[in-house]
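Could you walk me through this structure in my viewer? I am new to it and would like to know what to select next and what is there.

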Amino acid sequence: MDDLRVEEVAINLKLWMLYRFYHMLKANNYTKIFNCNVYCLILFIYGAIVNCMVVYSSIGFFIEMDDIISDVDVFLVVFVMINFFFCSWRICIILSKSHIICDVLNVAKFNFLTSKQCFKHLNALYDYRDKTIKITNYFFVFSVIVLIQWIIFPIIVITFMESDVENSRSPNIMNLRFPVSTQTYNQYYFIFYLMEVAIAAFPIYVIMVTDTLILSFSLVTISQQEVINRAFKSIGYEENSQSKYYEDFKSILGDQIQLNLKIKSYYSIVKPVILANVAMSSTSFIIVTYVLIVVSFSKESNQILTIIKLGSSAIFICGQFFLYCYLLDSMNLKKESVNFALYSCDWTKMDIKFKKLLLLTMRMNDANNFMIRASPRKVVNLQMFANVISMSYNIISVMLKSMNSNNQSTE
């Protein structure tokens, strides 16, 4: 794939360049060090360093410490560690398939569809381009806001509030269990704070990069499919010969086949990432929401900032999960609508040759019913989102009832 220009694609290419994600995908076109793309090399070194920090911090769970960690912090630390290693895995998956992604990104070009009938309906791409830019920009801003909240929270607590417990560790971003004494931790708090800043920034960056890729491709695929649907619907409503109708239909069909091939290649890369993210999002939403409710009903002081931090995180996780399900559902529905678009053309006045091709195309579309499934019967769509939210509510209710019964029994 040649270098893309902002004005020739229906994605938020400026944001990709801001992330330097586009530069990582186009590894051969940018500065190299030791025959490696400089941006990929920096990300690899950064990821390796913070992974070592996370592993080092986990040692505190396996040795005896001079302070006690609360149940809330245990939940948060486990959540952070699982999410961190998951983010490391998925950025490796994406970058290892960068050559396929570069080929798939040709779908974002305004001139990807080559038939004359499709060119007449390119206004749909411009409409979806504006929507894509808005959604990805909003996602970027909200991600940064969540990160900033987590980063400034401990500074505000230390500056304006006093700790109620003596000989306790100063609050940090994620309160990781570094294997040092409380006195050493508080004495060199600034160093541990900077370590947690570096650790927190890595998963947020990976989430922004990979989710922007998935959101952008989903929206641009929906828009290209809309162009094809409009092109199919228009056949027969202009005064042309039977042979011209037939040639127009074949050219649109060729564009549809090319688009389906790109979608299959895209699914082959992101399917494990999306399925793992769906599982992580649902689990993370349950954990964060449960901790948020526990903290909200806690009688301890200095909880308002924790509530804000956890509340924004729960909204972020839920919104991210919703976007995945919504866009994949929209892709499935848009692909299924092709047969309706085919039926909507003026096929009644066509000859038998055209009608046979129309029927074969419908059968082909029914056979190519590819979509991302969590199981043979469960498709990633809005229904799955509703089921997960309902299940999360039930699980959290049971956990809270169990906690209340335990508290009553101890009293």
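Start by selecting N172 and the residues around it. Leaving aside residues up to four places away in sequence, N172 touches F153, P154, Y185, Y189, F192, Y193 and E196. Keep in mind as you look that this is a predicted model.

Now show the side chains of N172 and Y185: they make a polar contact with each other, at 2.8 Å. Is N172 buried or exposed? Its relative accessibility is 0%, so N172 counts as buried.

Next, select residues 352-367, which form helix α13. This helix has 16 residues and reaches 23 Å from its first C-alpha to its last, close to the expected 22 Å. Color F354, L357, L358, T361, M362 and N365, the buried residues of α13. Look down the helix axis: these buried residues fall within an arc of 140°, so they line one face of α13. Then give another color to I352, K356, L360, R363, D366 and A367, which are exposed on the other side of α13.

What covers the buried residues of α13? Show α10 (242-296), α11 (304-336) and α12 (338-344), which are among the elements that do.

Finally, zoom out to the whole protein. There are 14 helices and two strands to find, and the C-alpha trace spans about 90 × 55 × 35 Å along its principal axes. Of the 411 residues in the protein, 51% are buried.

Note on methods: Residues numbered from 1 in each chain as written. Predicted model: local features only at pLDDT ≥ 70, side-chain atom pairs only at ≥ 80, totals over all residues. Heavy atoms only, no water. Buried < 20%, exposed > 50% of the residue type's maximum accessible area, 1.4 Å probe, protein only. Polar contact = N/O pair within 3.5 Å; in protein donor to acceptor, adjacent residues only side chain to side chain. Contact = heavy atoms within 4.5 Å. Helix = DSSP H or I, 4+ residues; strand = E, 2+ residues; numbered from the N terminus. Expected span 1.5 Å × (residues − 1). Arc of directions from axis to C-beta.
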